[in-house]
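Reader: Could you walk me through this model, starting with how its helices pack and then moving on to the domains?

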Amino acid sequence: MKAVHFGAGNIGRGFVGLLLHDAGYEVVFADVNGALIDELAASDRYTVHEVGVGARDRVVDGCRAVNSATDAAGLARELADADVVTTAVGPNVLKFIAPHVVEALRARGADAPPLAVMACENAINATDLLRDEMAALSGADEWPRLAARAVFANTAVDRIVPAQAADAGLDVTVETFFEWAIERSPFGDTPPVIADAHFVDDLAPYIERKLFTVNTGHAATAYFGFLAGHTRISDALADPVVEGAVERALGETSALIIAKHAFTEAEQTAYRFTILERFRNPDLPDTVERVGRQPRRKLGRNERFIGPAAELAERGRPVDGLLAAITAALRFDVPADPESVELGHALRTRGPVQIVHEVMGIAPGHPLEDGLVEAVAAAASAR
Ligand SMILES: NC(=O)C1=CN([C@@H]2O[C@H](COP(=O)(O)OP(=O)(O)OC[C@H]3O[C@@H](n4cnc5c(N)ncnc54)[C@H](O)[C@@H]3O)[C@@H](O)[C@H]2O)C=CC1
Ligand SMILES: O=P(O)(O)OC[C@H]1O[C@](O)(CO)[C@@H](O)[C@@H]1O
């Protein structure tokens, strides 16, 4: 069995690549980072170092690497007999992966087993986004023929993999916790065998619970922690002011998750507790700048703040904690982060109403609109 994984970064090597390797797949990493690919090609192995309770080291061996920016022929050869394609490149990069997978399906025989395609990104239904990019490239005439040669399954991935030390080489430090939930139904009776993944009939509850608890909580810790002057996530959460603000936002998203899905209040409280303990892990060298990265993406309509706040507002439920986190996200002033710079520029040059409509995707008259306009105005006057 063979898997081609796009994105040999933190989640690629420290999570998806590891689980595929442990499931018996021959793993081929495809990436546009030439130095990283050269290093992977020169050594067929690396170590995943876990930190935290029950930590152990895991070796990934037998892997190969191909530069997807410069070696289209090599990539096509690897894709030709792949069983699985996965990605961990960031949701905004999926459009650059789409042409490669379209070409692979064009070259794939109609009798070959279907290629399992699973995007492993922090976004709701990221595989559908990739499939839509592919369908648009292919066109209405050809697409049904190509689509029949693949199975597209959405997934939810959860493991904290921080930025790695400069001298770490290919090795990756990760937390012990992980969860990879994959939609079962697209595969019919023959889902891929990935022992450490968890196949579910309905992914929506898992992905919403994950995105609106883990990612809302983590990003809120980063933004409130940044404003309070903290560098590390674990230090930020040890600050009672930051912890209180994060708890308030998570109290609101938890109310939504319990109202929408079959999780009980006790289950959601336990889940939230576990998540906050993971963020507190002092052995995890994680920073507010990494976790807060790309604030514009994180303030998108279906993302971790605006998504749950919009649904809560539609239900007439409180959203003050989320609005405070949104203001903090807009005040995340990190010159090295292009999206933070872009938001700073938007706050200086565009009015709050325009930002709410165009950046956050909230329509005029939506019940969240007024609260958001106030949150944006507060950030504009503070930044
Ligand atoms: N790091 C974490 O703790 C977690 C990250 N995620 C998600 O996983 C995805 C990847 O995140 P990280 O691994 O942290 O980022 P990363 O920056 O460490 O890795 C991304 C990799 O994608 C590569 N890449 C960029 N453009 C590419 C292209 N066109 N073709 C092939 N490769 C390309 C980059 O060179 C890099 O090696 C994101 O969607 C993130 O939200 C999900 C759960 C946890
Ligand atoms: O690119 P994003 O959305 O910040 O993804 C990384 C996030 O995902 C998480 O791993 C949670 O699964 C956090 O480590 C981190 O905040």
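Author: In this predicted model, helix α9 and helix α13 (residues 306–314) pack at an angle of about 65°, with axes 10 Å apart, where an axis is a line fitted to C-alpha atoms over the stretch in contact and angles run from 0 to 180 degrees between N-to-C directions. Helices here are DSSP runs of H or I with at least four residues, strands are runs of E with at least two, and both are numbered from the N terminus.

Reader: What does that make α9 relative to α13?

Author: It makes α9 roughly perpendicular to α13, because 65 to 115 degrees counts as roughly perpendicular, under 35 as roughly parallel, over 145 as roughly antiparallel and the rest as oblique. The crossing of α9 past α13 is left-handed, a term for the near helix being turned anticlockwise from the far one by less than a right angle, with right-handed for clockwise.

Reader: Which residues meet there, in α9 and in α13?

Author: From α9 they are E252, T253 and L256, and from α13 they are P308, E311 and L312, with contact taken as C-beta atoms, placed from the backbone, lying within 7 Å. By class this contact has 3 nonpolar, 1 polar and 2 charged residues, counting Ala, Val, Leu, Ile, Met, Phe, Trp, Tyr, Cys and Pro as nonpolar, Asp, Glu, Lys and Arg as charged, and the others, Gly among them, as polar.

Reader: And how do α9 and α14 cross?

Author: Helix α9 (residues 240–260) and helix α14 (residues 320–330) have axes that come within 7 Å and cross at roughly 125°, so the two are oblique to each other. The crossing is left-handed, and its contact joins A245, R248, A249, G251 and E252 of α9 to G321, L322, A324 and A325 of α14. Those residues divide into 5 nonpolar, 2 polar and 2 charged.

Reader: What about α7 and α10, is that crossing left-handed or right-handed?

Author: α7 passes α10 in a right-handed crossing. The axes of helix α7 (residues 204–227) and helix α10 (residues 265–280) come within 10 Å, at roughly 40°, which means that α7 is oblique to α10. On the α7 side the contact includes R209, T213 and H218, while Y271, R272 and F279 are among the α10 residues.

Reader: Switching to domains, where are the bounds?

Author: Domain 1 covers 2–201 and domain 2 covers 205–382, bounds that come from an automatic or database domain assignment. Their centres, taken over C-alpha atoms, are separated by 28 Å, and the contact takes 14 residues from domain 1 and 16 residues from domain 2.

Reader: Which features does UniProt list for residues 202–343?

Author: The unreviewed entry lists "domain: Mannitol dehydrogenase C-terminal" there, with positions in the numbering used here, a shortened feature name, and annotation that may be inferred rather than shown by experiment. That span is 71% helix and 0% strand, and its end C-alpha atoms lie 35 Å apart.

Note on methods:
Residues numbered from 1 in each chain as written. Chains lettered and ligands numbered in written order. Predicted model: local features only at pLDDT ≥ 70, side-chain atom pairs only at ≥ 80, totals over all residues. Contact = placed C-beta atoms within 7 Å.
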